[in-house]
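Trainee: Please take me through the contacts between the two chains, one at a time. Start with charged side chains, then go on to the ground around them.

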Amino acid sequence: MWQFFQSLRAALRFHDYNPQPVSIASANRWMNQFDEEDRRLAWELLGKVIYLSEQDTKKILLHQNRVLMANLAKAGLSSRKLIYLQTDDAGSSSPMMLGMLRNAAGLEQQGCKMLDGRDSLGINNTTKKLEEGAIIYVDDFVGTGDQFCKSRAFATQSVVGSFSEFLLVPSICEEGYARLADLGVTVYAGHIHAKAERPLHEHSHLMQGPARERLIAICKQIRPKVGLGYENLATMVVLYRNAPNSIPAILRGSDKQAPFYGLFPRFKDLPVKKS
Amino acid sequence: MPTLRPTHPEVPSVVPAGQLRRLSPDDIKPSTNNPRLLFDPPLLAELKKNIAEHGVLVPITVYQPKGQAKFSILDGERRYRCVVDLTNEGHVGKDGRHLRIPANIVEPPSVIAGLLYMFSIHNFRADWELMPTALSLKIVMEQLEVTDNLALSKLTGLSERQIERCKSLLTFPERFQKLSLDPDPTTRIPSNFWIEALPVLDLAMDKAENVKKLGRNPATEKLVEKYRDGKIKSVIHFRRIMEAHDLAEDDAPQQAKVVRRIDQFFLNPKLETRAAFDEFVVEKKRVQSAIGACDTFIAQLRKFKLTYTTDDEERNNLREALRRVRDYCDSLEQALVGSDDPEAKHN
């Protein structure tokens, strides 16, 4: 009965996870992979997941954008001086977030410019024309900031004129937040993901002793090299459209979901369907 | 579930320009370029030592873009980098506090002033991508209405040859320029491709009838396709086409044959550069003869013991002759410079 209620809770909470919707059956399947003792630990860890549904994500982006635009207007920058930049390939997180924000906030109707961070000529021509303004990067999640910094470095080489830089993001790790602050990119985030909120992170005290050790061991068994996710970040934020690659393997599962079935596989982790 | 803690950073009010302030390094936004690639390490070490002893004596120049909390540097990137390094190493000033940087705060610069500053930084960087540099140069040329290479060289610090190369890139339509701005180095067309292809395109558009009918942009596309298919194995191979044509300068039937081959080269996607033009050039023998001629020339001059020349007129005549040799050698040496982009895809 306990397991049924936990599975029901998971299904209600994570039902709109895009790569693989969470149902009572899938939650049960995930849980049944553990022996009795580990099952409670796994549920405890699942309870610490910070899930951002589509509605949450949209709400956060819209709110942060409203605040940012108001601040920039106060600083003398009208919406016509704002360039929203996607930092990744079409179909990945950044363009998806920008698309969502553009439609929900009516950015184009307000005269904002939308550009692809890889369109050097577009960035060069637009910044030359505007001469001053703000560049607003949009993404869904930032971990260490490695990927973001790489994309930003490419985009900014084409910027001319005086432009301030901002990042709109539903959630960002404290590591990435500090790095971006050093670079002078101001972050508007719905959530700063502290190390303390990540039970399997070495600087967290949310879980201690043998319980924590046991979960780490399971993660390393599932994905020996990246058991705790990219750069051992062990993040607990899961976004409705895809989990970051920095979540612990116990939540993400094995590559192709075998032998270990994950509750939050990334799109690329799913087995290819035979036609 | 943990509580979501939102951030609402405050946008600072604009600081009046014309102030001299002592800023913490944390108040300053670094340039987006990697300092290790930008600055000569020994010179930077010397400056750092000096700042460690005396602090920053000459104020840097900064401005605050609208809405940004930090100041951007207009002049003084190296002093800033040194202070950041010293602070990270735990260095403190004579007063026992962390180092601060005197800074003149000015109005945000015009596009052109900002660009000229960036040029002054990039000159330290040998591997700076040429296409973005060309785009910046275009703005300088448009806004200042300067097109003379020497004047542009003085303004930007680029060499006249670099300026010439940038200008070559700018002759191509934007859709081709974009191919050299591809973030993926494995699919990016290297800037050198356009520079080496330009004289070939000019020649083909002038003399090859079928290429003329095709039109310049479709002909350019043909070359891009050939490069991507590995039928132009190195951008340097474009020189073989020019060489084949120039060598047949005094031989009309041979030149007509070269032009027909150029037509074929553009229109036949399978025809590879060397396979098409090697028969017209005998490079190895010519280059070996030229190297031999250089050695003979130097040996001959040594034999004449010319340093003992005393007659004024003779000395002047000889100096003038040597200058001519030097100018020719310089231009030849420059023309021989060139390589494929090391990051470009090699077939």
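Mentor: A salt bridge here is a side-chain nitrogen of Lys or Arg within 4 Å of a carboxyl oxygen of Asp or Glu. This is a predicted model: local features need pLDDT of at least 70, side-chain atom pairs count only at pLDDT 80 or more, and totals for chains, interfaces and linings use all residues. Residues are numbered from 1 along each chain as its sequence is written, chains are lettered from A and ligands numbered from 1 in the order written, and side-chain values use heavy atoms, without hydrogens or water.

Begin inside chain A. A:Arg214 pairs with A:Asp38 in a salt bridge, with 2.8 Å between the closest N and O atoms. The two partners are 176 residues apart and link distant parts of the chain: A:Arg214 sits in helix α9 (residues 209-222) of chain A, A:Asp38 in helix α3 (residues 36-47) of chain A. Helices are DSSP runs of H or I with at least four residues, strands are E runs of at least two, and both are numbered from the N terminus. Over all chains, the count is 26 salt bridges.

Now the interface. Chain B puts 34 residues in contact with 50 residues of chain A, contact being heavy atoms within 4.5 Å. About 3,600 Å² is buried between chain B and chain A, and carbon and sulfur atoms give 59% of that area. Buried area is the accessible area (1.4 Å probe) that two parts lose on being put together, summed over both.

The rule finds 3 salt bridges across this interface. One of them joins the side chains of A:Glu165 and B:Lys29, at 2.5 Å from N to O. The largest share, 4 residues, comes from α5(B). By class, that side has 19 nonpolar, 7 polar and 8 charged residues. Nonpolar means Ala, Val, Leu, Ile, Met, Phe, Trp, Tyr, Cys and Pro; charged means Asp, Glu, Lys and Arg; the others, Gly among them, are polar.

A cavity is a set of points on a 1 Å grid over the protein atoms alone where a 1.4 Å probe fits but cannot get out; lining residues have an atom within 4 Å of a point. The count is 2 cavities of 30 Å³ or more. The second largest cavity has a volume of about 40 Å³, the space filled by probe spheres on grid points joined across faces, edges and corners. The largest share, 4 residues, is from α6(A). The lining divides into 3 nonpolar, 2 polar and 3 charged residues.

Terms used:
On a 1 Å grid over the protein atoms alone, a cavity is a set of points where a 1.4 Å probe fits but cannot get out, and a pocket is an open set with protein on both sides within 12 Å along at least five of seven lines; lining residues have an atom within 4 Å of a point.
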